[in-house]
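Have a look at the structure first, then read on.

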Amino acid sequence: MDFTKRSRIKLLKSPDEDSIDRFAPHNCMFYILPPQNDVSLKDFEDLAIERLKLLRILEQASLKYPKILSDEWKEFIINELNAEGLKYFVRLIKGNGNSEQDKHARRRDYLSHFILRFAYCRSEELRRWFITREMELFKFKFSSLSSNEIKDFIELYEMGYRPITDEQKNEVRQELQCSSTGNIDTIDFYKVNFLQVLDLVRQRKCFLKGGFAYVSSNDFSSIIGGHHQQFIEKGLLSHLKLLPEFENDERIVGIIKGLHTSYVGKDYTVNKDADVPIESLDQLSLKSYPLCMRMCHESLRKTHHLKHSGRLQYGLFLKGIGVSLEDSLRFWREEMTKNMEVDKFDKSYAYGIRYNYGKEGSRTNWTPWSCAKIISTAPGAQDVAGCPFKLWDSIELKSKLTSFGLNPMAVQDVVSYASKGHFQLACGRYFESVHETRLDEGVNHPNGYFENSQIIMGNRQTKEKNKPSSQQSNFNHRKQVQMNKQQEFKRKMDIKIKEEKDFDEELWKLSQREEELLNEWNTRQEQTKKEVAEISQMDWNDDDEDMSQINNYL
Amino acid sequence: MPEAQKEQFNANQLSDYLKLYYKRLFPHKQFYRWISYNLSEDGIFTNREFSFTMEDDIYIRYLSFENQSELENDICTKIPHKIDIGAVFNTRPKNHRSNANMKPIQRELVFDIDMTDYDDVRTCCNEANICNKCWKFMSIACKVIDTALREDFGFEHLLWVFSGRRGIHCWVCDKTARHLDSKGRGAIADYLQVSMSGGGENTVTKVTLYDKQHHSIRRARTIIEPCFNEIIIEDQDAFGSPSGIDKLLKMVNDETCRKELQNLFASTASDSKSIWSTFVGYFESMRVKSQLKSKLKYIVEEVQLAMLYPRLDINVSRGTNHLLKAPFCVHPKTGKVCVPFNPNLAHKFDPMTVPTVNLLMKEIDEFDQKTNEALETPDDKAAKVKDFKKTSMFKSTVIFEEFLRKIEQSTKSKAITVSDKRMEF
């Protein structure tokens with residue numbers, strides 16, 4: 001297809017500074033060609049913050065109203081955008097246009113996207129978050145296009161799709177009816193390679209024959225969305241390669257690095273603040289574990305085994321709450337060797353635990369699973385993993401929660417959230433009931449759940465979070481934010497240095513210990529030598545004496 | 001040959017048997033013809049990762065070979081207890097230490113179905129054991145997956161292999177399948193994954209059906225429903241025990257119905273057939289009285305699918321870099337050869353009579369002896385018959401050859417079109 005070729009073309013320097021028609025020809029746009037013009041540092045930062053606000057709003061909307069593109073979801077976003085003064089985004093999600101204002105809005109949209117790519121390319125977790133949000137934005141934009149605007153869009157990007165004829169449609173009439181909603185006579189179908197609509201394939205939402213998917217125009221956004229997602233995924237990875245060059249400029253590093261920590265929260269990869277002894281896990285699992293982890297813990301205690309996904313999910317969680325590698329190894333070994341030989345454990349399972357801590361294989365220090373990851377996990381048979389609010393049916397959930405001693409009202413709430421597909425809300429309600437408190441922030445990471453629980457129970461200090469308030473619109477405020485960011489950056493550097501120090505210290509200790517051992521060994525050796533020498537000397541002396549005595553006798 | 005089958009396989013002698021097996025029976029040539037795909041793409045053979053499992057579970061990864069004879073020699077000298085096939089990389093895997101950017105380029109799309117995943121529905125055996133009754137689960141799984149891959153995705157080159165003990169593997173070797181990224185693999189695996197496990201040790205596997213049923217599910221139902229009585233009711237007698245009834249009840253996601261059914265079951269004879277007909281009858285009468293809740297509308301079909309729909313280990317299919325045991329390996333515990341079988345005749349395949357490596361050796365000896373006696377000129381005739389043709393492995397080699405013939409046709413014709421295109425420029 002021409003269109004994919006286009007994406008590979010690296011744009012030569014464009015002489016025309018504001019050729020927005022070329023870069024962003026449609027309000028609903030693909031981000032293909034990176035910008036080539038200069039942007040002032042101030043604009044750079046403004047644009048970054050604006051887009052972050054937008055993405056944050058999208059995230060909030062999707063947490064509140066999990067059905068995206070529902071009316072409440074749309075309404076929430078538009079209201080929030082207006083309240084934040086981001087009216088130009090509102091313009092962009094209301095169809096196409098070609099006025100000066102549209103072009104202005106497109107320009108901001110286009111630039112800000114590419115700026116944020118720098119902030120969000122550095123880890124898998126960040127990339128996933130960014131792509132999810134960007135896809136929500138795109139789907140929103142695309143959903144408000146009229147059929148003519150869609151046609152324009154397809155032509156503009158030279159995608160070359162044509163609907164199938166009625167004749168073709170009649171051949172597979174029944175099958176089409178089974179996999180689409182609405183009257184198929186009034187819907188156009190497109191026949192495309194199944195690889196272009198993996199989302200639909202995954203959910204069995206299109207008819208498939210001989211490697212081709214028959215897609216209704218309602219679902220067409222999935223195809224376009226698929227392209228869009230690919231552009232962003234690839235783009236993020238190529239941004240990642242640019243990053244080292246970029247990081248030479250400290251002004252920009254201050255903005256970019258500060259952004260994601262202040263906004264997205266933590267990734268819980270390593271917990272430096274806490275040391276959780278494994279003896280306390282049983283106790284902790286009762287109150288501070290979210291249900292998904294409690295279920296893993298209990299199953300492990302009961303059956304002395306967890307299958308692969310379960311071990312990953314729970315093992316990484318343990319790392320995140322502050323169980324050290326040594327403790328972790330001990331914990332799993334003690335439990336699993338109740339059913340297997342120690343030898344087998346060391347051979348087949350210890351690797352996995354060290355792997356979680358980044359000590360094996362690619363040596364990545366793996367991030368504990370977030371709710372999104374856990375919810376999307378489909379455990380195999382007998383594999384204890386995944387989100388129980390999603391996997392268990394209402395009766396099971398009810399009886400389990402009741403057996404935990406939750407009050408019936410709360411049980412009812414949790415079950416009803418879960419049955420409607422609001423798994424994280426269900427989990428939040430569960431948290432509230434267990435801790436008898438309110439939880440405003442919602443649950444989106446099991447380690448966050450744990451931390452919140454510990455804070456409420458007074459076992460951990462609340463961390464200072466410098467979340468910039470969402471109403472910073474004047475310059476002073478922004479300056480403040482920037483200062484914070486720089487401080488944050490400095491703080492991070494300090495931590496890094498400290499980490500290195502810690503590391504050095506550890507190494508030093510290690511080598512010292514080794515030296516001690518060596519010395520000990522040497523002294524011991526010498527001692528032995530001495531002793532041996534003494535003994536032989538003694539013998540010798542004795543012999544001598546004997547000899548002399550004998551001589552004397554003689 | 002049931003008598004010969006009784007010949008016990010002794011795992012301690014495996015190395016001795018394997019030495020002969022690799023030398024005389026392992027289809028080196030065909031194996032290479034498969035894995036080299038007519039050398040239709042650059043590095044398709046030389047950059048392929050193999051891994052050997054040696055005696056005492058020593059695992060050698062990242063092996064790669066320059067040509068057929070190198071591979072053959074290495075197999076015959078190292079005598080691996082197991083050979084796994086990995087991905088084709090962008091560089092030679094044996095140099096993996098010097099190349100940090102090594103990444104998988106292509107890999108057959110593979111499916112792994114393991115009998116242990118059916119432990120909650122089979123009563124005849126458990127864990128590593130398998131009998132002809134359990135094989136019926138595999139045979140259904142094979143049919144459902146095979147049809148879906150061919151009809152829906154248009155894949156043609158499917159190699160189905162018995163895994164040597166209790167499961168089956170499927171290698172999809174079409175070029176599009178080999179070049180799928182992990183997202184594509186995941187999507188296909190999810191498409192084929194209909195039943196959902198409860199994610200806990202005491203939960204049951206479930207399927208949810210709606211009014212609109214995707215054509216792939218309808219098709220699966222036409223395969224599964226006619227076999228349900230034979231497999232679940234007669235062979236497995238799945239509802240003949242209190243725990244079986246309990247599992248059945250757990251699939252009903254409604255407390256009142258569950259209670260009513262429980263009472264009904266208490267007064268029914270406790271054999272699977274009566275339980276099942278009571279179950280079906282109960283919901284039918286509810287439907288007639290139009291008291292049936294919409295979520296239980298398809299409960300009977302749901303139970304059937306939940307028990308018989310293929311249970312895939314989708315993590316195996318998802319990865320581009322997953323190692324999977326090669327066909328024609330010998331399973332180190334059972335001594336059985338991992339033979340390819342014909343998916344259209346999966347129901348006739350008998351895992352109990354799959355030849356073991358010791359049996360094969362005996363067959364060769366017997367054959368040689370016979371021909372030698374008949375011919376009296378011991379040297380030529382017997383030697384001319386290829387070794388595998390003398391044994392019960394013959395049939396599976398023929399299946400493999402047929403698979404190779406088809407795939408070679410397709411890679412050849414593609415190679416021609418490529419060269420034609422080049423001529424134009």
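Arg294(A) is buried, at a relative accessible area of 9%; buried here means under 20% relative accessible area, exposed means over 50%, and partly exposed is in between (1.4 Å probe, protein chains only). Keep in mind that this is a predicted model, where local features need pLDDT of at least 70, side-chain atom pairs count only at pLDDT 80 or more, and totals for chains, interfaces and linings use all residues. On bookkeeping, residues are numbered from 1 along each chain as its sequence is written, chains are lettered from A and ligands numbered from 1 in the order in which they are written, and side-chain values use heavy atoms, with hydrogens and water left out.

**Salt bridges in chain A**

- Arg294(A) pairs up with Glu298(A) in a salt bridge, 3.1 Å from N to O; the term covers a side-chain nitrogen of Lys or Arg within 4 Å of a carboxyl oxygen of Asp or Glu.
- Both residues sit in helix α15 (residues 291–303) of chain A, and because they are four residues apart there, about one helical turn separates Arg294(A) from Glu298(A).
- Helices are DSSP runs of H or I with at least four residues, strands are runs of E with at least two, and numbering starts at the N terminus.
- Glu298(A) is partly exposed, with 28% relative accessible area.
- Asp346(A) and Arg333(A) also meet through their side chains in a salt bridge, at 3.3 Å from N to O.
- That pair ties together distant parts of the chain, with Asp346(A) in helix α18 (residues 342–348) of chain A and Arg333(A) in helix α17 (residues 325–336) of chain A, 13 residues apart.
- Asp346(A) is partly exposed at 34% relative accessible area, and Arg333(A) is partly exposed at 30%.

**A chain B pair, a network and the total**

- In chain B, Arg122(B) and Asp119(B) form a salt bridge, with 3.0 Å between the closest N and O atoms.
- Arg122(B) is buried at 4% relative accessible area, while Asp119(B) is partly exposed at 23%.
- Back in chain A, Arg51(A), Asp109(A), Glu134(A) and Lys141(A) are joined into one network by salt bridges that share partners.
- Over all chains, the structure holds 50 salt bridges.

**Around His169(B)**

- His169(B) is part of strand β7 (residues 167–172) of chain B and is buried, with a relative accessible area of 7%.
- Phe111(B) is 58 residues away along the chain, yet its C-alpha atom is 5.5 Å from that of His169(B).
- Setting aside neighbours within four places in sequence, His169(B) has contacts (heavy atoms within 4.5 Å) with residues including Phe111(B), Asp112(B), Trp160(B) and Leu324(B).
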